[in-house]
Amino acid sequence: MYFCIIASITPCSFSLLSTSIIFITHDLGVIAEVCDDVVVMYGGMVMEKGSVNDIFYNPQHPYTKGLHRSIPKVTKGKSRLIPIEGSPPDLMNPPKGCPFSSRCPHAMEVCMEKPAPAFIVSETQQSACWLQHPESPKVVGYTKSKEVI
Ligand code: SF4
């Protein structure tokens, strides 16, 4: 698999010891229950970083949003999951631009040319997506940002 979610957990007892635990998992349910901070990776690159609330309630990267759509919702009754179309990139021959570009419904020309920098969405959240660039087309659900890391 070429994608993963890394999440760190720092409950009080760990904070007192100045230590933390890192989980590497695809299970968003586990992350929601036990983690404070989340790093979403795809194709070997960081796509999005944020607090657990940022990632679950205000995801800003199309890959993170795609992951959310593909989780079964027990409260919604019987409904079809929406998978992320396409396949992960060949990391022996990685794409020049954004690793998610071949599967992204919002891919633009710039996405094929170079990976996006990490745009600062808020004090706690960053997203490596050209949709955050102030001159990119407006897409509902994505915040613009002028600041990059
Ligand atoms: S940078 Fe482009 S291809 Fe990559 S996730 Fe954002 S819009 Fe999609």
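Two residues are in contact here if their C-beta atoms, placed from the backbone, lie within 7 Å. You're looking at a predicted model, where local features need pLDDT of at least 70, side-chain atom pairs count only at pLDDT 80 or more, and totals for chains, interfaces and linings use all residues. Residues are numbered from 1 along each chain as its sequence is written.

Switch to cartoon. The protein chain has 5 helices and 6 strands, where helices (H or I, at least four residues) and strands (E, at least two) are DSSP runs numbered from the N terminus. Follow the sequence and the pattern reads β-α-β-α-β-β-α-α-α-β-β. Of the 149 residues, 30% count as buried; that label takes 20 or more other C-beta atoms within 10 Å of a residue's own, while 12 or fewer make it exposed and anything in between partly exposed, with C-beta atoms placed from the backbone.

**Stop 1: the strands.** Select 37-42 and 45-51. These are β3 and β4, antiparallel and joined by 6 bridges; strands count as paired if DSSP finds at least two bridges between them. Tyr42 stands opposite Met45 in β4. The hairpin has 2 residues between its strands, and Gly43 takes a positive phi near 55° there.

Phe119 has Ser127 in β6 as its bridge partner.

**Stop 2: the core.** Next, pick out Val38, Met47, Tyr63 and Phe100. In the largest nonpolar core, which has 24 residues, these touch the most other members. Such a core is a set of buried Ala, Val, Leu, Ile, Met, Phe, Trp, Tyr and Cys residues joined through C-beta atoms within 7 Å. α2, β3, α3, α4 and β5 each give two or more residues to this core, and the largest share, 3 residues, comes from β3.

Center on Met47. Not counting residues up to four places away in sequence, Met47 touches Val40, Met41, Tyr42, His61, Tyr63, Thr64, Phe100 and Ala128.

**Stop 3: the helices.** Select 62-69 for α4, where Pro62, Tyr63, Thr64 and Leu67 are buried. The cover over the buried residues of α4 includes α2 (28-34), β3, β4 and α3 (52-57).

Then jump to Leu28, in helix α2. Why does Leu28 count as buried? Because it has 21 C-beta neighbours inside 10 Å. Leaving aside neighbours within four places in sequence, Leu28 is in contact with Leu67 and Ile71.

**Stop 4: the ligand.** Finish by showing the residues around the ligand. There are 14 of them, and the closest are Cys98, Ser101, Cys104, Cys111 and Cys129; a residue is near a molecule if its C-beta atom, placed from the backbone, lies within 6 Å of it. Color the shell by type and you get 11 nonpolar, 3 polar and no charged residues.

Conventions. Nonpolar A, V, L, I, M, F, W, Y, C, P; charged D, E, K, R; others polar.
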